[in-house]
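Please have a look at the structure first, and then read on.

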Amino acid sequence: MTLKRKGSDPIERPAKQSKTSEEKKKGREVLDNYEAEVVIEIQEDPETVQPDIDRPKVPLSARAARQAAIAAGLYRTNEDEDEEEDRVSVNDEDEEREEEEEEEEEEEKPDSILDEIKDISEETQDMTDGVKEPFKKTKPSLLVDHNSVSKFTYSKTNTCVLKQEDETYMFIGLKQGEDLVFMGEILVAPLYGAISIAGATISSNRPVPKDRTENDIPVYFYPVFCPLSHALLRIAPVSIDQPSIRPHNDPVEMDENILEAVFEELTVNEFDAIIVIKDLYGNGLESMKDAVPKRRNVVKFSKKEARRDMSLTINMFPGFHPILEPVPGVKAFKVELSWESETLIALNSAAERKSPMVSVVCGGKNLGKSSFSKYLVNRLLTRYKKVAYIETDVGQTEFTPTGLLSLHYIEHPILGPSYTHQQFEPARSFFFGSNSPRSNPDYYLACIHQLVRHWKHDQMMEDDEMGIPLVVNTQGWISNVGYDLLMGQIKSIAPTDVFALRHSTYLKKNLSPFFESDVMATVDSTLSLSKVTPTVRFIDCYYRESGVSIFPDLFTASKLRDITLASYFHQTEMGQDAYLNPQWDYQKHIIDRTPWVVDWRAHLNAIWITYEEVKLEELLYALNGCIVGIMGDVEDFKKQKGPDRAISTDENEFTPPTYYTTRDQPPPNPENITCLGLGIIRAIDPSRHAFLLVTPLPAETLEKTSGFIKGEMCLPSWAFLDDKLGTSNGIAKVPWKQVPYVNPGPREGVGARIQKVRRNLLHRPRRIKEGHK
């Protein structure tokens, strides 16, 4: 082996003996400062290895070789000497790298999970020198989960389809021990008995009768969404004596004629519950691919993913696909035993002390915090009229698009992923403008503190003596600064229960071993207010073995953020009523929508741009074609009407908007403002001093507008496109050369991509030793 330091003469080493076939399987690499052979053992399948054939040496990437050399003790880095100090920032660096990988993941995954598996099995290639690495091909398999199959056997005596006026309903009888796992979108209600879905108990308050009834009966439908992007939900009968969710105020009357038909078609007295289903397919969600390019139909299988026997009555609805046999890639939502037991203990403790639960849900990334938070909300709704929900995970928000911190009051069960319930308007919200709190942690905590204050104020004003329980979903950043932020949240909230998710094998995702004692130490200062010592409850997360894939793997965090934003801007109505019958219009693109005209002289007090410095003369360029938070004023925890000033009629006078930069003034004070929602500045008319704003907010909410704020969130490319989705010679009959901001070609040159800042490298501790450079 010849060892040569850069810029020096080679150092001769004794010649090696002739290599054996075992040695010929070893790769080589050029390190940063040395040209040397690195011994890397390649594990191969003995059945496929041919010992007599000489295999060429293939260079590995510099990083892989360096790691191998370090592991073998052949190469010592500066980091080894500073290991104790560097350990402080290792987790932050991993966190930063994970977020950058999400943000830079622009290449779309295939529409079919079968194509996904095919792509994964291809050989990896070194992007630096273009030489294939000698890694063995691995073909991950699709998960075939027999526990994700319905415990239900279809027959003509347990399922029927009937019509009442212009509506078609499906009636299904369920026995104790049976359940239905399905993919699709439906409205469901118990006709008789009670059912459980994702922790929510929905009751008809009527046992299954032995004889037919002669009176009309009301049923209360709730929307249930089981798209391919998430685990599928399960409908199961439960005892009618269990606490259940209060029914809403918009029932559907089932007349005696259709009830008589149900008794004729089904053997009613054999069942513990009879459910009625109404198809939601056609509400617009299935058309998301018409507005967002390269997005598949999330509520329907492709032909090669699952076969469906359309001769069965249970398969008649296009939006209801029951899983009656194992489907590769399908995974059903599972409620862990620890979820049930710890939640029940917490609920009983709250009943004993006669005060509502104040719960914080925390844990690492991708452990199921959002899933458990929704489960907890559903369980709480069986005992309380409404539940307060504070979202602090700005990267994966539940009831708003990404980048907002919000307080919502939930009165209906949450039975679907985030992009299916963007209809709720928040009681209080703040536009943070980023998918991570690392950019401005102080402002992040200030916003959360104000949300908690708002909930405490509403708690004191609540007429219901049971109060309003609180659920706080936290971010998945649990190392170093992220851990300090979590402790700061807990101190501000003063919870009664802290639910900490843990992984049985991937310990890196778990919280600190000292988490429980840290919680106690943090909350001690607030005991005089809460008068309750918090209880840390460790709960398990779902564990999936490596080497298998499921449908949700096709949807990364960045893609789900994109889908949620599209759902927000394409929904046709907002509010509690819109939740019960959600509708979307993806056929009408953003570019085709009629915008609101906002005169900044009359209706805006100020404009903020955070995370970057923009000169006043460049302000309108920076705002044009971007996402903004629509701000409103708050006084005594109540939203105020926006300004409506008289304006000058002099057409020759130009008045720039009032503008605050991050250099001159901090972000707006959370105590005095709220974020009403998001908008897109589609165009700017300086001659009229007007912003042309596209937003789903209703007019009565827009009347409260007092300012705009822009963060680091960028407008996705699909928002610029028309119904051709960029496949024509331009947009809206305008040739590509004349279309601003959009280039149909590849991204090239300086400034083509958003600059990524590795903030962890800015503060990583280094120790300069004598003689070390």
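## Confidence in the model

What is the mean pLDDT of the protein, and what share of its residues reach 70 or more? The mean pLDDT (the predictor's confidence in each residue, from 0 to 100) is 81, and 77% of the residues reach 70 or more. This is a predicted model, in which local features need pLDDT of at least 70 and side-chain atom pairs count only at pLDDT 80 or more, while totals for chains, interfaces and linings use all residues. Residues are numbered from 1 along each chain as its sequence is written, and side-chain values use heavy atoms, with hydrogens and water left out.

Two stretches call for some care. Over residues 1–19 the pLDDT is below 50, and beyond near neighbours in sequence this stretch has 29 contacts in the model (a contact means heavy atoms within 4.5 Å). The pLDDT is also below 50 over residues 759–773, a stretch with 27 contacts beyond near neighbours in sequence. Where pLDDT is low, the predicted coordinates should not be read in detail.

## Cysteines

How many disulfides does a search of the whole structure find? The search finds zero, a disulfide being a pair of cysteine sulfur atoms within 2.5 Å. Cys714 is in no disulfide, and its nearest cysteine sulfur, that of Cys626, is 9.3 Å away.

Burial is judged by relative accessible area: buried means under 20%, exposed over 50%, and partly exposed in between (1.4 Å probe, protein chains only). With a relative accessible area of 46%, Cys714 is partly exposed. Cys541, in turn, counts as buried because its relative accessibility is 10%.

## Salt bridges

The model holds 14 salt bridges, each a side-chain nitrogen of Lys or Arg within 4 Å of a carboxyl oxygen of Asp or Glu. One of them joins Arg234 and Asp179, at 3.3 Å from N to O. This pair links distant parts of the chain, 55 residues apart: Arg234 belongs to strand S12 (residues 234–238), and Asp179 to the loop between strand S6 (167–174) and strand S7 (180–192). Strands here are DSSP runs (E, at least two residues), numbered from the N terminus. Arg234 is partly exposed at 22% relative accessible area, whereas Asp179 is buried at 5%.

Another salt bridge connects Asp497 with Arg537, whose closest N and O atoms are 2.8 Å apart. Asp497 lies in strand S21 (residues 497–502) and Arg537 in strand S22 (residues 535–540), so the bridge ties together parts that are 40 residues apart in sequence. Both partners are buried, Asp497 at 1% and Arg537 at 8%. Salt bridges with shared partners join Glu342, Arg353, Asp497 and Arg537 into one network. Arg601 and Asp599 also meet in a salt bridge, at 3.0 Å from N to O, and both of these residues are buried.

Which residues cover the two sides of strand S20 (residues 470–473)? Leu470 and Val472 are on one side, Val471 and Asn473 are on the other, and all of them are buried. In a regular strand the side chains alternate between the two faces of the sheet.

Two strands pair if DSSP finds at least two bridges between them. Strand S16 (residues 358–362) runs parallel to S20 and is joined to it by four bridges, with Val360 opposite Val472. Strand S17 (residues 387–391) also pairs with S20 in the parallel sense over four bridges, and there Tyr389 stands opposite Val471.
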